[in-house]
Amino acid sequence: MTDLARADAIAQAELVRDGVLSAVEAAEAAIERLRRLDPALGILVEPLFEQALQAARGVDLESPGGPLAGAPMLVKDHLARIAGVRHTEGSVFLRDYVATADSELVSRYRRAGLVIVGTASTPEFALLSTTEPLRYGPTRNPWDPALIAGGSSGASAAAVAAGVVPVAHGNDSGGSLRIPASCCGVFGLKPTRARNSLAPYGDLGGIWVEHVVTRSVRDSAAVLDATCGPAVGDPYAAPVAEGSFLERTRTDPGRLRVCFTAQAPSRVSVASDCVEAVEAAAKLCAELGHVVEEAAPEFDWEAAEAAYADVFAASCAAWVDAWARRLRREPGEDELEPYTRALAAAGRLLSAPELLASIELLQQAGRATDRFFERYDIFLTPTLAEIPPPLGYFDPPPPPGDAIEVLARDARFTPFCWVANATGQPAASLPLHWTPGGLPVGVMATARFGDEGTLLAFSAQLERALAWSERRPPVHAEG
């Protein structure tokens, strides 16, 4: 029998399609792995075991086509909602909320035959680069349980890295797919803005996207094939992709123009392990025949980062206020974490003209970056400026608890990721490097707006060269 903990989603679905095992058996195995590892890692919010088995029986009965039918997955407890399932976004404020309908993305997962076995933890409202909500406690890194798994999709990344499920949903407004992918040694793609529909919700300033973390590049591509495209009424859509994303992972990317830098836009210090990671990646690209040089987009990135911070704070305020309207009450004093309350308060201080000016500045940064990508196909940086820190690193320092210092600490940890959210470009964290102590270090590859195809073909080429999916963390499921 194939070790399902080591098989990606496409491989598991192939076993179901070929009759080697049923979708029910694949779901049962994932549920057993989740039950076994959740106490050690802190992954699960809502178990959906009975619903998963019912969905798996439907896959076995109907034999839907597609490369993913019968593969198990988790859905992050943020943005994407599942009908009839409690949806808390890591917050005490939402403790009693039950979703009344599937979001568009969840409907597309179901149509692809993916089997949802549970919801995965998130920091409150997905605002931090670590997954340590006060409501549920910390998610731990399977490479070292004393360290953070990253955020805000940290539980999703930990589950994939530990072999619990081959694919897990996440979202990204400033690195929330790529940060935990780097911390946990998996592949995390942030698609082009509006590649996946956010329906029925708004786009929160244009910085939010949703997709998945995976062990293999091909799984990420196959899921994107299943979910991409606008829903009726979406305000805008990404450029139409040519052909299948999955097919692009099977083709050689050709000789690409690759540039790299290890210098953060904000000029913060970057750890030597992270510098070594991007330099080793650049060397590998040259060995693979690509044209490689050191370069970076030129823009007033200090001003752009301040503008991004404005949009991020305003989106936090708007999100909290939207939930207050939906629940028909304001959050109580003890129902929001200090960081959330402080960030929302900062967002409410912005005037409408100030917010629009910040959005315009980010649009200018996007245009400058697009001109840069007329000369290059791929831009490499470290994903993070530091290796994963210990749990508690992002706790507000006492006394009395400076929530804004948490934001500054987060910005120093993730100075590279926000740019792709501001410009809308596709970017992925690739697990290309490990420290001498055995911790994963991600390298971020960014492509031109709308060109996930080249990014996925390039990522798959590096995956074949380094076979990163063969590595296993100390905390890992078997079977």
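The protein chain of this predicted model contains 15 helices and 13 strands, taken as DSSP runs of H or I over at least four residues for helices and of E over at least two for strands, numbered from the N terminus. Its radius of gyration is 21 Å, close to the 23 Å that the globule rule gives for 479 residues, so the chain is as compact as a globular protein of that length; the radius is taken over C-alpha atoms, and the rule is 2.2 Å times the number of residues to the power 0.38. Along the principal axes, the C-alpha atoms fill a box of roughly 60 × 55 × 45 Å.

Residues are numbered from 1 along each chain as its sequence is written. Because the model is predicted, local features need pLDDT of at least 70 and side-chain atom pairs count only at pLDDT 80 or more, while totals for chains, interfaces and linings use all residues; side-chain values use heavy atoms, with hydrogens and water left out.

An open sheet of 11 strands with mixed pairing has the order S1-S3-S2-S6-S8-S7-S12-S13-S11-S9-S10, where two strands pair if DSSP finds at least two bridges between them. Strand S1 (44–47) and strand S10 (291–294) form the edges, each pairing on one side only. On average, neighbouring strands of the sheet are turned by 30° against each other, direction ignored. Within the sheet order, S7 (residues 187–190) and S12 (residues 427–434) run antiparallel and are joined by three bridges; leucine 189 has alanine 428 as its bridge partner in S12. Helix H7 (residues 217–227) lies across strand S6 (167–172), S7 and strand S8 (209–214), and runs at about 145° to S8. Such angles, from 0 to 180 degrees, are between N-to-C directions of lines fitted to C-alpha atoms, for helices over the stretch in contact, with contact meaning heavy atoms within 4.5 Å.

Of the 479 residues, 61% count as buried (under 20% relative accessible area, with exposed over 50% and partly exposed in between; 1.4 Å probe, protein chains only). The largest nonpolar core has 152 residues, a core being a set of buried Ala, Val, Leu, Ile, Met, Phe, Trp, Tyr and Cys residues joined through side-chain atoms within 4.5 Å. Helix H10 (residues 301–327) gives the most to this core, with 13 residues. Leu74, Val165, Ile378, Leu380 and Phe458 have the most contacts inside the core. Not counting residues up to four places away in sequence, leucine 380 touches residues including Val258, Phe260, Val278, Met444 and Phe458. A second, separate core of six residues includes Ala295, Phe372, Phe373 and Phe379.
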